[in-house]
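Me: I have not looked at this one before. Can you take me through it, a piece at a time?

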Amino acid sequence: MVEIDIFLHSSQEITDSVYDSPVKLCIRKSSFEEAQRRQRIRQNSATISFTNIIFNNEVSINVDEGIEHEIQISFRNSYIDSFSCSGIVSKNIILHFSNSINKHLTAQNENLKSIILNNSFGTYFMRGVGSLEVSFTENNIFFRDWYKKAPINEILSFKTLFHITDVNRIRLRGSQISEKGIEKLKEKRLLKTKGKYKNLYLNEFDRRKENRLKRLLSTNEKRLLDIEIYLDYANGTKHLKTSIDGLLIQSVTLRGRPNGEVKIDSSKINRIYIENFYPQEHFNLFNIEPINTSTDNKFEIRESIMDNTWFHGINFKNYFVSFYRTSLVNIKFTSTIFPKTGELLKSFNSLKNIHYKDEKPESFNYEMYDLFLELKQAFDKRGNTYESQKMKSLALIYLSKTKGLRFWNDRIILCMNKWSNLHGISPLRAFIAFLILSLLFHTFNIISFESIHLGFYSWEEYYQIIKDNFHYITVILNPAHKLSSLTPDGELTTYTYWISYLSRIFIGYIYYQFVISFRRFGRS
């Protein structure tokens, strides 16, 4: 094992080295005080930098007690196979990684003050750290540094996982150069290069000459980012705030009981999983959409209490949505669009494959009924009649499948409502039902004529019979019709009485269902 006593090193920046053996970075109190005596350390803080370093084995840190100064250990443009922070005793240590790859970093240490990551990839397990700041910024893509490591596509697609547990302050953000900024670069500073050197530009204002050559990312390159975030507030009493802003993320998982605010804003996320989540303060999801359209895009909430929650600008149409055993009545929905009723029904009926290993419980349909009633109440609070009626429709669909309903009184009524206008939200269904019933009763009426005998006719004969008697359909469509108007003179039969009676009931019912479905925006 190689031991590096940081403050005995001749320079505060260690560069261009390769370590194949395990490395222990030591901050000893004696060497720190000696460096302090020689005035190599500023009054309040000290920074040690590792630049262009390759650690092909484990890296660990050991810090003595009694060091009160803030010490920042910085890794820039480096590769680290494995990093452990268990040996830190001082509470003033900050780790900073920039344009680096950590194949595996473990930081389970409450004494560690902060971890800062910029354009760094890899797998990170963090528990009890004071604060975490992660950023992926397009204006910090330094061409010379990135191309020393690997082709840019390989770097961007490097699997990056953040498993964050009980970190007090969390901030993850992304920053892209705006379209106006790109246009200005193209006009003035974008270099005319091709191939792997395309999209390069100069920033003459950067203090470091080696950092002045930078690179823009194309839309397809940005979509290569493979970032997954797992946030667990197992002991959320010390949690202060979590913020995720402007990132492109493959999946986000939220669990636990955070005491502080949790906010995810203006990010593109393909999969969102919220499970056993009980936010004590505000939980806000603003302007969320998937990176691309795919059947793998999911938005799942399970066994959570979503009080103090605000969903704004979320288009659930682009997600496979499933909620289960979750309190949703106090969610605030604004500018939020859910999928069509049929698509939502398909999503929730697939819960067996998502939330269960075996069959669904017998109470599943009634649980879904209660859940959609809560969603209806949540939309009613905002006056969103459109989505409210959609949730009511889904609630009644699940109620119709619940065991214990009386067949003649309840189930038949619910099934007729579903068939005729999808519980008040589908004028198209009412119109189709209107056409079907009209043609059906018209056909029965013609067959009841004494001049028409049941038997085998050619298609031409059938067509001629319907055509010659088509004017009688207008009589069927009038629920207040006269009985004598249904047939030619002298052809009134017993069947005609029954057809007249039943047509008045069913055609009148369809008229009512048709009008109700058009009044969906005016009902509370």
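Reply: One term to begin with: two strands pair if DSSP finds at least two bridges between them. Keep in mind that this is a predicted model.

Me: Fine. In what sense do strand S13 and strand S17 pair?

Reply: Strand S13 (residues 169-175) and strand S17 (residues 241-245) run in the parallel sense, with five bridges between them. Within that pairing, Leu172 stands opposite Ile244 of S17.

Me: Which strand pairs with S17 over five bridges, in residues 261-265?

Reply: That is strand S19, and S17 pairs with S19 in the parallel sense. Here Thr242 has Val262 in S19 as its bridge partner.

Me: Let's move to S9. What does strand S7 do with S9?

Reply: Strand S7 (residues 93-98) pairs with S9 in the parallel sense, over five bridges. Ile94 is opposite Ser114 in S9. S9 also pairs with strand S11 (residues 131-137), again parallel and over five bridges.

Me: How many of the five residues of strand S9 are buried?

Reply: Four of the five residues in strand S9 (residues 114-118) are buried, so the strand is largely enclosed by the rest of the structure.

Me: Change of topic: charges. Why would charged side chains pair up?

Reply: Side chains of opposite charge can pair when their charged atoms come close. In this model the count comes to twelve salt bridges.

Me: Give me one. Which residue does Glu3 form a salt bridge with?

Reply: Glu3 pairs with Arg28, and the closest N and O atoms are 3.1 Å apart. Glu3 is in strand S1 (residues 2-5), while Arg28 is in the loop between strand S3 (23-27) and helix H1 (29-37), so this pair ties together parts that are 25 residues apart in sequence. Arg28 itself is partly exposed, at 29% relative accessibility.

Me: Which residues are linked in a network of salt bridges?

Reply: Arg302, Glu303, Arg325 and Glu367 are linked that way. Arg325 is in the loop between strand S24 (320-324) and strand S25 (332-334), and Glu303 in the loop between strand S22 (298-302) and strand S23 (309-312), so the link spans 22 residues in sequence. Arg325 counts as partly exposed at 42% relative accessibility, and Glu303 does too at 23%.

Me: What lines the largest cavity?

Reply: Its lining has 17 residues, and those nearest the centre are Phe136, Thr137, Glu138, Leu217 and Leu225. S11 and S13 each supply at least two residues of the lining. By type, the lining divides into nine nonpolar, six polar and two charged residues.

Me: Last one. Where does Phe125 lie?

Reply: Phe125 is in strand S10 (residues 121-127). Phe125 is partly exposed, at 27% relative accessibility.

Me: And which residues does Phe125 touch?

Reply: Not counting residues up to four places away in sequence, Phe125 touches His104, Leu105, Thr106, Ala107, Leu161 and His163. Of these, Leu161 is 36 residues from Phe125 in sequence, and 8.2 Å away in space, C-alpha to C-alpha.

Methods: Residues are numbered from 1 along each chain as its sequence is written. This is a predicted model: local features need pLDDT of at least 70, side-chain atom pairs count only at pLDDT 80 or more; totals for chains, interfaces and linings use all residues. Side-chain values use heavy atoms; hydrogens and water are left out. A salt bridge is a side-chain nitrogen of Lys or Arg within 4 Å of a carboxyl oxygen of Asp or Glu. Buried means under 20% relative accessible area, exposed over 50%, partly exposed in between (1.4 Å probe, protein chains only). On a 1 Å grid over the protein atoms alone, a cavity is a set of points where a 1.4 Å probe fits but cannot get out, and a pocket is an open set with protein on both sides within 12 Å along at least five of seven lines; lining residues have an atom within 4 Å of a point. Ala, Val, Leu, Ile, Met, Phe, Trp, Tyr, Cys and Pro count as nonpolar, Asp, Glu, Lys and Arg as charged, and the others, Gly among them, as polar. Contact means heavy atoms within 4.5 Å.
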